[in-house]
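Colleague: I would like to learn how to read salt bridges in a model. Please take me through some cases.

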Amino acid sequence: MSELFAYTDGACSGNPGPGGWGVLMIAREGGRIVKERALQGGEAHTTNNRMELLAAISALEALSRGAAITVVTDSAYVKNGVSQWIHGWKRNGWRTADKKPVRNVDLWQRLDAAQARHEVSWQWIKGHAGHPENERADELARAGMAPFKPARPAGS
């Protein structure tokens, strides 16, 4: 039986600014990789948190049927939000404990719906710490952002 992992990352040049997200999907059997899929995308004007959320959403939405999956993120915002804060937000009508509207509510609701179709384990790892799959997800996020970054003038 294979194990499924999604390594996700978001990137932003300026916050807000042009941003990108990346996902490295890996299926392992007996510890060896049997299938790999890379996903990426971006937006012209966004935030790092939105890109981190879109990476996780994109990983889960890419699966055509329900699956057991481990989503590995270097975003404490995503990890804590989806495993702790979201329950209170939903109870409070998508408001925070201090009654303010939840930021990025559109994406949190989309993530909540996407994860409901699967058996998801969430794992946080330290970013930019030499973890090969996380580094690859970061490369994908930067590539997803590239089309939205303004071109630099020649000679700069």
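The dialogue below goes through salt bridges and their surroundings.

Modeller: This is a predicted model, where local features need pLDDT of at least 70, side-chain atom pairs count only at pLDDT 80 or more, and totals for chains, interfaces and linings use all residues. Residues are numbered from 1 along each chain as its sequence is written, and side-chain values use heavy atoms, with hydrogens and water left out.

Colleague: How many salt bridges are found in the whole structure?

Modeller: A salt bridge is a side-chain nitrogen of Lys or Arg within 4 Å of a carboxyl oxygen of Asp or Glu. The search finds seven.

Colleague: Which residue forms a salt bridge with Glu-36?

Modeller: Arg-136 does, with the closest N and O atoms 2.8 Å apart. Helices (H or I, at least four residues) and strands (E, at least two) are DSSP runs, numbered from the N terminus. Glu-36 lies in strand S3 and Arg-136 in helix H4, 100 residues apart, so the pair links distant parts of the chain.

Colleague: Is Asp-138 buried or exposed?

Modeller: Buried means under 20% relative accessible area, exposed over 50%, and partly exposed in between (1.4 Å probe, protein chains only). Asp-138 has 8% relative accessibility, so Asp-138 counts as buried. Its salt-bridge partner is Arg-142, with the closest N and O atoms 3.2 Å apart. Arg-142, at 44%, is partly exposed.

Colleague: What separates Asp-138 and Arg-142 along helix H4?

Modeller: About one helical turn, because the two are four residues apart in that helix.
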